[in-house]
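Reader: Please walk me through the packing of this chain. I want cut-offs with every term.

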Amino acid sequence: MLGLALSGGAARGAWQAGKAASLARPWDVVAGVSVGAVNAAHLAQYPVGEEAQAFEDLRKLWHTLKTSDVHKRWCPFGMIHSLWRKGVRDLRPLRSFLRKHLEPWRVRDSGRKLIVGAVTYSSRQWVEWTELDHVVLIDAVLASCAIPYAFEPQEVPQLVSPTETAPGPLYFDGGVQTVAPVEPLIRAGCTEVDAVVCFPFDPPVAAPASNALEAGLAAVDTMSYQILADDLRCNYAGVRDDAAVVIYRPDRDLGDGLDFSPQTNAWRWQLGETGAA
């Protein structure tokens with residue numbers, strides 16, 4: 001089987017989507033964490049063989065997406081809310097966006113398998129869901145996007161019946177433990193894996209932070225580079241007996257991970273798809 005692993009990277013996911021579009025292979029299984037979970041869930045709505053249509057629709061989404069569709073300041077006191085909330089920005093706009101553009105029944109019926117990864121808030125354990133698990137898929141994807149400090153951990157309700165849910169645990173960004181979810185694909189039976197990672201080989205020099213949010217996100221980026229280095233060295237480097245893994249990474253810094261402006265999204269997509277800015 002052929003698998004696609006999509007890393008975290010927040011707004012840099014536009015580059016990731018463009019790079020995956022340039023490959024457009026008939027992946028049997030797609031796996032993602034954080035923004036990679038959003039891209040993976042979108043692709044999983046389309047049967048194998050419909051990659052061209054999947055990426056055309058994904059391109060339209062990224063080219064019209066705005067920062068206000070993903071996150072916003074808490075009202076009325078902005079970052080002061082972080083004194084009693086578990087994140088400095090409000091992620092509810094992304095939930096609304098996912099409800100509008102992600103149809104769980106299409107994911108279940110497409111025949112393409114999906115894996116979404118997150119980490120439990122209480123025990124810090126890695127958890128992964130598939131399209132067949134009895135959870136609210138939109139909330140699972142949202143939880144995978146809950147970058148620590150930036151956003152609050154998210155509850156993932158259990159599906160008791162097609163119309164009834166029960167409360168579930170809190171989760172946050174799967175990238176806290178695994179930046180590129182290659183291992184879940186291999187466990188799922190993939191013998192070939194394309195891994196599209198949003199971070200270049202060398203960490204960029206960070207500009208001085210102007211506020212606590214920027215400082216916190218710089219720390220998360222530093223952590224992500226270290227996790228990724230450990231991932232690639234321990235799990236995916238060299239030749240494996242059980243799978244052939246090809247890793248794709250940008251050749252430059254992709255900028256502010258919370259900047260989802262349409263022009264920046266379009267620049268990142270083009271850079272990923274064609275290599276030209």
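The questions below go from helices to cores to strands.

Author: This is a predicted model, with residues numbered from 1 along each chain as its sequence is written. Local features need pLDDT of at least 70, side-chain atom pairs count only at pLDDT 80 or more, totals for chains, interfaces and linings use all residues, and side-chain values use heavy atoms, with hydrogens and water left out.

Reader: How many residues of helix α1 are buried?

Author: Helices (H or I, at least four residues) and strands (E, at least two) are DSSP runs, numbered from the N terminus. Buried means under 20% relative accessible area, exposed over 50%, partly exposed in between (1.4 Å probe, protein chains only). Helix α1 spans residues 13-23, and W15, Q16 and A17 are among its buried residues. The helix is mostly covered, and the buried count is 8 of 11.

Reader: Which elements do the buried residues of α1 pack against?

Author: Contact means heavy atoms within 4.5 Å. The partners include both helices and strands. They are β1 (2-6), α2 (35-43), α3 (51-64), β9 (192-196), β10 (244-248) and α9 (262-274).

Reader: How many residues of α2 are buried?

Author: The buried residues of α2 include V35, N39, H42 and L43. This helix is mostly covered. The count is 9 of 9.

Reader: Which residues does L94 contact beyond its neighbours within four places in sequence?

Author: L94 is one of the buried residues of helix α4 (residues 92-101). The cover over the buried residues of α4 includes α2, α3, α6 (137-144) and β5 (154-155). Outside its sequence neighbours, L94 touches D69, V70, L142 and C145.

Reader: Which residues touch the most other members of the largest nonpolar core?

Author: A nonpolar core is a set of buried Ala, Val, Leu, Ile, Met, Phe, Trp, Tyr and Cys residues joined through side-chain atoms within 4.5 Å. The largest has 60 residues. Those touching the most other members are W62, L94, L114, W129 and V141.

Reader: How many residues does the second, separate core hold?

Author: Its members include A5, V193, A195 and A243. The total is 12.
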